[in-house]
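Biologist: I would like to learn how to read packing, pairing and charge contacts in a model. Please take the features one at a time.

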Amino acid sequence: RVILASGRGARMGRESQVGGGERLVALDVTDGSPTEALVHMASLVEAEWLEPTARRVEHRLDDQSGTVKAFDVARYDAILISERPVAPDAAERARVLTRAWLGRPPDEATTQLLARARFAGIDLDLEALATAAAATARSVDTLDPAAALSWDDRRLLADGAPDSLAVPSGRTVRLAYAADGRVAAAVKLQELFGLAETPRIGRQQEAVTFELLAPNGRPVQTTRDLRSFWERTYPGLRKQLRGRYPKHPWPEDPWTAKATHRTTLRS
């Protein structure tokens with residue numbers, strides 16, 4: 001199969017009697033099918049016989065590395081004559097990275113950034129952020145729009161939609177923001193001993209939905225009302241779990257127990 005100077009595909013007819021070679025002059029061409037032409041007669045030519053009709057630097061995203069590479073390309077109409085690698089132009093490199101990043105489905109970090117912004121009442125221009133971040137990103141995989149946030153937007157996000165929450169054990173746990181405005185955190189049950197009131201986040205004072213985890217990291221209960229959980233649900237849950245996980249604390253009185261992420265017994 002060959003490519004004509006117009007860019008249309010073509011196939012060689014048996015009567016053309018041309019085999020091998022990279023370039024040829026098609027002397028007799030007819031429509032072979034709706035998608036390709038048929039070459040009846042042709043003659044091989046050498047590369048140096050062709051004078052380029054266009055020459056320009058083309059920037060392309062390398063699919064394997066995610067980086068932008070540039071080439072000085074010479075063409076005869078739609079036919080590639082030669083190309084050689086050159087240093088990318090900074091502005092064009094950023095444009096290609098931005099276009100490629102915006103063409104991808106949003107990753108978890110971007111989804112959370114936008115959800116936090118909505119929760120905090122901040123109007124973010126994702127394309128503008130991606131364009132700004134692309135100026136310093138090494139590849140499309142390392143392009144981080146959050147890195148281009150203004151100082152004011154960072155402060156508003158931190159105050160109105162923090163990305164983490166300090167719990168009584170002394171650790172911090174990640175907050176996950178849902179599209180419907182809910183805020184959730186997954187944390188081991190023992191890390192919340194002594195916490196009676198459910199923390200509230202942002203201007204709306206949205207109660208955090210806690211996904212309470214057993215020592216093996218699996219969820220055993222979900223609640224937006226810690227006080228009710230300790231009073232009504234914990235006693236029964238304690239009976240179920242303390243036999244399975246005897247190295248972990250299961251106090252009768254969770255109100256005064258010390259919160260911890262450690263085991264009670266150490267081997």
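Modeller: Start with the helix pair α2 and α4, whose axes come within 9 Å and cross at roughly 80°. Axes are lines fitted to C-alpha atoms, for helices over the stretch in contact, and angles run from 0 to 180 degrees between N-to-C directions. This is a predicted model: local features need pLDDT of at least 70, side-chain atom pairs count only at pLDDT 80 or more, and totals for chains, interfaces and linings use all residues. Residues are numbered from 1 along each chain as its sequence is written, and side-chain values use heavy atoms, with hydrogens and water left out.

Biologist: How are α2 and α4 oriented to each other?

Modeller: Angles under 35 degrees count as roughly parallel, over 145 as roughly antiparallel, 65 to 115 as roughly perpendicular and the rest as oblique. α2 and α4 are therefore roughly perpendicular. Helices (H or I, at least four residues) and strands (E, at least two) are DSSP runs, numbered from the N terminus.

Biologist: Which residues make the contact?

Modeller: Contact means heavy atoms within 4.5 Å. From α2 come Leu-113, Arg-116, Ala-117, Phe-119 and Ala-120, and from α4 Leu-156, Leu-157, Ala-158 and Gly-160. The residues of this contact of α2 with α4 divide into seven nonpolar, one polar and one charged. Here Ala, Val, Leu, Ile, Met, Phe, Trp, Tyr, Cys and Pro count as nonpolar, Asp, Glu, Lys and Arg as charged, and the others, Gly among them, as polar.

Biologist: What is the strand order in the open sheet of three strands?

Modeller: Strands of a sheet pair through backbone hydrogen bonds, either parallel or antiparallel. Two strands pair if DSSP finds at least two bridges between them. In this sheet the order is β5-β6-β7, with antiparallel pairing. The edge strands β5 and β7 (79-86) each pair on one side only. From one strand to the next, the twist averages 30°. β5 and β6 are joined by eight bridges in the antiparallel sense, and Arg-55 has Ala-74 in β6 as its bridge partner. Helix α1 packs on the sheet, where it touches β5 and β6, and its direction makes about 45° with that of β5.

Biologist: What lies between β13 and β14?

Modeller: The two form a hairpin with five residues between them, and Gly-217 in the turn has a positive phi of about 90°. Four bridges join β13 (residues 206-213) to β14 (residues 219-223), and the strands run antiparallel. Glu-211 has Thr-222 of β14 as its bridge partner.

Biologist: How many salt bridges does the whole structure have?

Modeller: A salt bridge is a side-chain nitrogen of Lys or Arg within 4 Å of a carboxyl oxygen of Asp or Glu. The search finds 14. One of them joins Arg-55 and Asp-72, with the closest N and O atoms 3.4 Å apart. Arg-55 is in β5 (residues 54-61) and Asp-72 in β6 (residues 68-76), 17 residues apart.

Biologist: Is Asp-72 buried or exposed?

Modeller: Buried means under 20% relative accessible area, exposed over 50%, partly exposed in between (1.4 Å probe, protein chains only). Asp-72 has 12% and is buried, whereas Arg-55 has 52% and is exposed.

Biologist: Which residue forms a salt bridge with Glu-108?

Modeller: Arg-174 does, the closest N and O atoms being 3.5 Å apart. Arg-174 lies in β9 (residues 172-174) and Glu-108 in α2, 66 residues apart. Salt bridges that share partners also join Arg-56, Glu-58, Arg-60, Arg-75 and Glu-83 into one network.
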